[in-house]
Amino acid sequence: MSARPHKTGLVLAGGAARGAYEAGVLAYLIEEVCPDIGVAMPAQLLAGTSVGALHACGLAALADQPREAAARLTRMWTGLRLGDVLGANVRHFGRMLARLVLGRRPATALFDSAPLARLLGDTIPFARIAHNVDTGLVGALSLTATHVASGHSVVFTQRSAAPLPAWRSRRMPVAHACDITLDHALASAAVPLLFPPVRIDGQLYCDGGLRQLVPLSPALELGADALVVIIPRQSTPAAEPADPARERAYGSPLYLLGKTLDALLLDHLDEDVERLQQLNAVLHAGTRRYGASFVHELNDGMGWPMHALRPVEVVTVRASHDLGAMAADHVRSARFTSGCGLAAEALRRVADLEGSRETDLVSYLLFDGDYAAQLVELGRGDARARHEELCTLLGRARVRAVH
């Protein structure tokens, strides 16, 4: 019998419009994986950053109706029109963005967050989160944001009466226990330059990916022994061959801005998953070499009774296709251009200015239902390819928790 309960954590990354990919993965987990292992929800601990924070809130608010949660999130994405998130300024954002890059327009953000707030308010019943947490359907919900004044990462966490743990990582020094609201979700999703920071209790906060160096930390600190991590980006080789087109594109400020968003929202998560897998390998190798007591003796010798090292199983579901290339193909398609007028033309112009088929910036801004539908289906397909691994991971965690 285990001395502590085993819990599964779901880690949801950022990605702005790429978030539709996460919605597809979540839908597959709930509709196909969970029934195979006899559970309703794929995880007890929900940890989200940026657009992942929105999805985490959706799952927490409808934890008693997970299929409805999946349906609402996918409907939200596939029903989008460009103006639903970017607002009235969408017709002018190409000009606005160019001015900002050239330093001619002082502004904290290109777009107003009011349209996004209305969309989320219509989709996610935030008031229901407290009930699902209090009844144990959700073990904990955590959203990461960046405190603008200090630059520190802040983890807003809602769980039942148990006190929050003291974070082990010095790189994530602030944890706030609170009732999570729409404002917390908007703060975590306020991508710098794109959306304005959000004021909570008199303090300004923006996207959690800006400074969060330990993306997996909230779920681990809250007790997860198994993790499902969703990353809306294709894996790339460590060293790629020289590409003249990419070298020419490097001179474009918009190309660089797209790559900067990649670095802010996704690179740290890749690094953290790799670090966790390396630690698992060390602990497993030590156990094989020195016996079952190795991990206990290691923790005892290091004097970490409150933050003991432990193996944490992880399955990562990530995009099997280049989402930037998919965005480029979509904005240059006749259907998109004819159906969205000036907004479509502006996005296509930005894609041209990026100077490469890797239109990463456009992929973050393309809040379009048809593009989102492609990402949802890609997410479903990529999760389907990991079906057995997901069932094994989640099923093993469930058996451990029961025993």
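## Phe156 and Tyr205

Phe156 is buried, at 3% relative accessible area (buried means under 20%, with a 1.4 Å probe and protein chains only). Tyr205 is buried too, at 5%. This is a predicted model: local features need pLDDT of at least 70, side-chain atom pairs count only at pLDDT 80 or more, and totals for chains, interfaces and linings use all residues. Residues are numbered from 1 along each chain as its sequence is written, and side-chain values use heavy atoms, without hydrogens and water.

Phe156 and Tyr205 form an edge-to-face aromatic pair, 5.2 Å centre to centre with 75° between the planes. Rings of Phe, Tyr and Trp (its six-membered ring) pair if their centres lie within 6.5 Å; planes over 60 degrees apart count as edge-to-face, under 30 as stacked. Phe156 lies in strand β4 (residues 153-159) and Tyr205 in strand β7 (residues 203-207), so the pair ties together parts 49 residues apart in sequence. Strands are DSSP runs of E, at least two residues; helices are runs of H or I, at least four; both are numbered from the N terminus.

## Trp77 and Phe367

The count of aromatic pairs comes to three. One of them is stacked, because the rings of Trp77 and Phe367 have centres 6.3 Å apart and planes at 10°. Trp77 sits in helix α3 (residues 66-78), Phe367 in the loop between α15 (360-365) and α16 (369-385). The pair links parts of the chain 290 residues apart.

Trp77 is buried at 4% relative accessibility. Phe367 is buried at 5%.

## Arg18 over Tyr364

The charged end of Arg18 sits over the ring of Tyr364, 4.5 Å from its centre. The criterion: NZ of Lys or CZ of Arg within 6 Å of the ring centre and within 35 degrees of the ring normal.

Conventions. Buried means under 20% relative accessible area, exposed over 50%, partly exposed in between (1.4 Å probe, protein chains only).
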